[in-house]
Amino acid sequence: MTELGPVAWPPAPIRTERLLLRESEARDRTAFIELFASPEVRAHLGGPRPRDELERAVPEVPGRRPGVFVVELDGALIGTVMLDRRDAERPGHLHPDAEEAELGYLFLPHAWGHGYAAEACAAALGWLAAALPGDPVVLCTQTANDRAMRLAAKLGFTEVERFEEYGAEQWFGVCDPGKHTAPAS
């Protein structure tokens with residue numbers, strides 16, 4: 001995945017009713033490792049990665065690249081929201097040569113079921129709609145991931161197609177960029 005293009009990064013932190021979306025810091029490293037080592041978080045993403053491998057591989061300041069927001073609740077990382085360009089080599093595109101903006105996210109299991117993912121993703125989509133007006137955003141998830149399917153619908157994504165990838169049926173959808181407005185900072 002590549003950068004989002006002509007977007008200034010990092011943006012000012014984004015505040016929602018309960019959350020703060022910000023750039024990654026060194027203090028987030030332990031939580032990043034937990035996200036990638038968690039069997040629950042990685043259930044539909046190829047499984048957990050070995051913790052010892054992550055301890056060696058995760059940089060001192062993880063996720064420090066354009067498009068990656070840390071989602072913070074009461075001063076602690078509870079997840080991440082990513083906005084990247086979808087790799088042209090992967091299936092699922094609106095146009096054959098396009099690299100659309102793609103929404104991704106990971107949240108620690110203790111943060112599930114409270115609406116934090118919806119709140120954070122909506123804020124990130126609002127920021128992107130203001131930064132790149134008119135650009136569609138895509139999302140791809142396994143159809144077996146019920147939580148992700150419900151969140152996609154809640155965020156306004158509509159199905160474009162389904163295909164097989166990584167040994168599982170994938171759902172590919174698009175969101176109207178005008179649906180989300182820039183969040184208050």
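Are phenylalanine 163 and phenylalanine 172 buried or exposed? Both are buried (under 20% relative accessible area; exposed is over 50%, partly exposed in between; 1.4 Å probe, protein chains only).

The model is predicted: local features need pLDDT of at least 70, side-chain atom pairs count only at pLDDT 80 or more, and totals for chains, interfaces and linings use all residues. Residues are numbered from 1 along each chain as its sequence is written, and side-chain values use heavy atoms, leaving out hydrogens and water.

**Exercise 1. Classify the aromatic pairs.**

Step 1. Apply the rule: rings of Phe, Tyr and Trp (its six-membered ring) pair if their centres lie within 6.5 Å; planes under 30 degrees apart are stacked, over 60 edge-to-face, the rest tilted. The count is five aromatic pairs.

Step 2. Take tryptophan 9 and phenylalanine 69. Their centres are 5.0 Å apart and their planes at 70°, an edge-to-face pair. Tryptophan 9 precedes strand 1 (14-15) and phenylalanine 69 sits in strand 3 (residues 68-73), so the pair ties together parts 60 residues apart in sequence. Strands are DSSP runs (E, at least two residues), helices likewise (H or I, at least four), numbered from the N terminus. Both residues, tryptophan 9 and phenylalanine 69, are buried.

Step 3. Return to phenylalanine 163 and phenylalanine 172. The centres are 6.4 Å apart and the planes at 45°, so this pair is tilted.

**Exercise 2. Find the two faces of helix 4.**

Step 1. List the buried residues of helix 4 (residues 146-154): Ala148, Met149, Leu151 and Ala152. Seen down the axis, they fall within an arc of 165°, so they line one face (the arc is that of the directions from the helix axis to the C-beta atoms).

Step 2. Turn to the face away from the buried side. Arg150, Ala153 and Lys154 are exposed there.
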